[in-house]
Amino acid sequence: MTNTPKAILFDLDGVLTDTSEYHYRAWKRLADEEGIPFTREENDAHLRGVGRRDSLLYLLHGRQVSEEKMLEMMDRKNRYYNESIKQMTPAELVSGGHELLAEIRAAGIKSAVASASKNCRIVLDLLGITKYFDGIADGNSVVNSKPAPDIFVFAAGLVGVSTPDCLGVEDADAGVEAIKTAGMRALGIGPRERFHRADFVLPDMVNKHLQDLLKS
Ligand code: G6P
Ligand code: MG
């Protein structure tokens, strides 16, 4: 593929906004209540970009709990997360985000969201950026979560672009894995050592232009 993709598929949490911190705090509160040790380092290494159930399974470290209790814990974590995002405003969009998304549209490139979160649409609305996307794939769209490629393949389908013509943008290694397995180019956002298969990496998304996303 050339360097210019026909579609750019963005992960949400940790890419367009720093909600990954809110996810961490909600899990941490649950873990504290349950007397389960859990650190920010563990969160970064194991939970970033990982779906709700898989995150809880990690947190439990093999502790046996009933399905009912698991559902209650996932629900509780989600309540804590929802409490914290209630206060979100468009100011929490990454700096330069509006300009970047508008630039992508002006260049005739499709854009979509590929997020594992079931809260994705609420967050997009709170940030005021729903209007920029030609497609939204979220935690309700597919069964197999990242690192399975499904959500990125689904997002590509929503915007009518073949997978080799897509660029995926992710802050989680599981997400980069999903993008690469989907046959797309992958841009990792974060420290280089976090990613195994990214085609290129940027330390953050602050004030980025389309050209910055296309370098490799
Ligand atoms: C994203 C976040 C994860 C979160 C997952 C599920 O991938 O990066 O931290 O666990 O979505 O989010 P949800 O809002 O459905 O619990
Ligand atoms: Mg993410």
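Modeller: One definition comes ahead of the questions: buried means under 20% relative accessible area, exposed means over 50%, and partly exposed lies in between, with a 1.4 Å probe and protein chains only. This is a predicted model, in which local features need pLDDT of at least 70 and side-chain atom pairs count only at pLDDT 80 or more, while totals for chains, interfaces and linings use all residues. Residues are numbered from 1 along each chain as its sequence is written, chains are lettered from A and ligands numbered from 1 in the order in which they are written, and side-chain values use heavy atoms, with hydrogens and water left out.

Biologist: Is histidine 61 buried, exposed or partly exposed?

Modeller: Histidine 61 sits in the loop between helix H3 (52-60) and H4, where helices (H or I, at least four residues) and strands (E, at least two) are DSSP runs numbered from the N terminus. Its phi is positive, about 45°, although histidine 61 is not a glycine. With a relative accessible area of 44%, histidine 61 is partly exposed.

Biologist: Which residues coordinate the magnesium ion (ligand 2)?

Modeller: Donors are N, O and S atoms within 2.8 Å of the metal (3.2 Å for Na, K and Ca), and water is not among the atoms, so sites may look incomplete. Along the chain, the donors of this magnesium ion follow the spacing D-x1-D-x157-D. At 2.0 to 2.1 Å, the coordinating residues are Asp11 (OD), Asp13 (O) and Asp171 (OD).

Biologist: How many residues apart in sequence are the parts that aspartate 13 and aspartate 171 tie together?

Modeller: Aspartate 13 is buried at 12% relative accessibility, and aspartate 171 is buried with a relative accessible area of 2%. Aspartate 13 lies in the loop between strand S1 (7-10) and helix H1 (19-34), and aspartate 171 in the loop between strand S4 (166-170) and helix H8 (173-181), so the parts that this pair ties together are apart in sequence by 158 residues.

Biologist: What share of the area that ligand 1 exposes when taken alone does the protein bury?

Modeller: The residues around ligand 1, counted when a heavy atom lies within 4 Å of it, include Asp13, His23, Arg52, Lys77 and Asn119. Among polar contacts (pairs of N or O atoms within 3.5 Å; within protein, one must be able to donate a hydrogen and the other to accept it, and residues adjacent in sequence count only if both atoms are side-chain atoms), a backbone N or O atom of valine 50 lies 2.7 Å from an oxygen atom of ligand 1, and a side-chain N or O atom of serine 117 is 2.6 Å from a ligand 1 oxygen. A backbone N or O atom of lysine 118 also lies 2.7 Å from an oxygen atom of ligand 1. By the Shrake-Rupley method with a 1.4 Å probe, where for residues only the protein chains shown count as cover, ligand 1 taken alone exposes 390 Å², and the protein buries 97%.

Biologist: Which elements do the buried residues of H8 pack against?

Modeller: Seven of the nine residues of H8 are buried, so this helix is largely enclosed by the rest of the structure. The buried residues include Asp173, Val176 and Ile179. Taking contact as heavy atoms within 4.5 Å, the buried residues of H8 pack against helix H7 (150-158), S4 and strand S5 (185-189).

Biologist: Which residues does arginine 76 touch, not counting residues up to four places away in sequence?

Modeller: Arginine 76 belongs to helix H4 (residues 67-85), and at 9% relative accessibility arginine 76 counts as buried. With residues up to four places away in sequence not counted, arginine 76 touches Leu30, Glu33, Glu34 and Lys69.
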